[in-house]
Amino acid sequence: MTFIPNTTPLHPRILLIYTGGTIGMIANPETGALEAIDFTYIEEHLPEIKRFDYSIESYSFDPVIDSSDMGPKHWIRIVDVIQKNYDSYDGFVVLHGTDTMAYTASALSFMLENLTKPVLLTGSQLPIGMIRTDGKENLLTSIEIAATRRNDGTPAVQEVCIYFNNLLLRGNRCTKSSVDHFDAFTSPNYPKLAHVGIQIHFDKTALRCCKSPDKLKVHKDLDTNIEVITIFPGVPDSVLTSAFDTPGLRAVVMQTFGSGNAPLSETFLSTIRSAVQKGIIVLNVTQCQVGTVVMKRYSTGIKLEDAGVISGHDLTLEAAITKLMYLLGTKLSNQEICKYLEMDIRGELTT
């Protein structure tokens, strides 16, 4: 389905939020070192932006953040900017480094409840000042998508997304899959929301539409007392059991084989049972990019379920971690958190 860009009677207002990353870098002509550009003067580096019939303004982090340093305190800052400017703009484009973009997109999806406007994250593999940069197309198309409206005047996109290399993907379904290809992100278990050629073609059936009459609700309390355990052949019991001894630990994300299986000894099963009894939540996600956890399929999965492990279904690792951070920060009981972990609350999993 193709929506028509810029169908509102007034010029759409788009806010660019530059957090850092390769897209906002340009080479110093004297030293050759990459330096962050001032997005107040983005038109100097991207003159094509003047051809949009939109009002485009920018907000930049100072200092800018390398994406490997991006974390919850920065997610809260992004959410603060969106919250304070929510009524003044029709859409938001967050410029971000690629390494942790999927984590940020997942986190923002949970932190922004009842979202009715587009929040698009984009970046690039090459700096915007380089001749072959992918940053120009990524940024220009992100702005156009953020300004696109349905026939009834509502935003075409009403969720947190990643736009990269001609594809619009749901933010909490994404993972970075390539270090140096322009198609750096994939959405292994959910269809693309739009693909871009001569026109922007949206998949109406895949897009989320906020049906809640409530206003935007922002969640800023995130609990990071989470551990990630990756199961591998020959993993010692001591490694597995020691992970549960972390002081203050509230949840463990366990990356298992296939549909949720692990080589379980009685020692490890006993450790899991003891941890669950102490109030530690254990969430099972698969190491496979495509597919879902079905713990009832094999005996090892059944044993995990009997020990109190919760199925993560087809959550990405990024979504599993950030969903736990969000739910643990809501002060819900463990029973309620476990219920919501297996529910689709922002389009993040398929039940």
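## Strand β6 and its neighbours

Strand β8 (residues 119-122) runs parallel to β6 and is joined to β6 by four bridges. Strands are DSSP runs of E with at least two residues, and helices are runs of H or I with at least four, numbered from the N terminus. Two strands count as paired if DSSP finds at least two bridges between them. Within this pairing, Leu95 stands opposite Thr122 in β8. Strand β2 (residues 13-18) also pairs with β6 in the parallel sense, over five bridges, and Leu15 has Phe92 in β6 as its bridge partner.

This is a predicted model, in which local features need pLDDT of at least 70 and side-chain atom pairs count only at pLDDT 80 or more, while totals for chains, interfaces and linings use all residues. Residues are numbered from 1 along each chain as its sequence is written, and side-chain values use heavy atoms, with hydrogens and water left out.

## Burial of β6

Strand β6 (residues 91-95) is mostly covered, as five of its five residues are buried; buried means under 20% relative accessible area, exposed over 50%, and partly exposed in between, with a 1.4 Å probe and protein chains only. In a regular strand, side chains alternate between the two faces of the sheet. In β6, Gly91, Val93 and Leu95 point one way, whereas Phe92 and Val94 point the other way.

## The sheet

Eight strands form an open sheet of mixed pairing, in the order β5-β2-β6-β8-β10-β11-β14-β15. The edge strands, β5 (55-60) and β15 (200-202), each pair on one side only. β5 pairs with β2 in the parallel sense over six bridges, and Ser58 in β5 is the bridge partner of Leu16.

Helix α2 lies across β2, β5, β6 and β8, running at about 160° to β2. Axes are lines fitted to C-alpha atoms, for helices over the stretch in contact, and angles run from 0 to 180 degrees between N-to-C directions.

The axes of α2 (residues 72-85) and α3 (residues 101-111) come within 10 Å and cross at roughly 55°. This angle makes α2 oblique to α3, because angles under 35 degrees count as roughly parallel, over 145 as roughly antiparallel, 65 to 115 as roughly perpendicular and the rest as oblique. Trp75, Ile76, Ile78 and Val79 in α2 meet Tyr103, Thr104, Ala107, Leu108 and Met111 in α3, where contact means heavy atoms within 4.5 Å.
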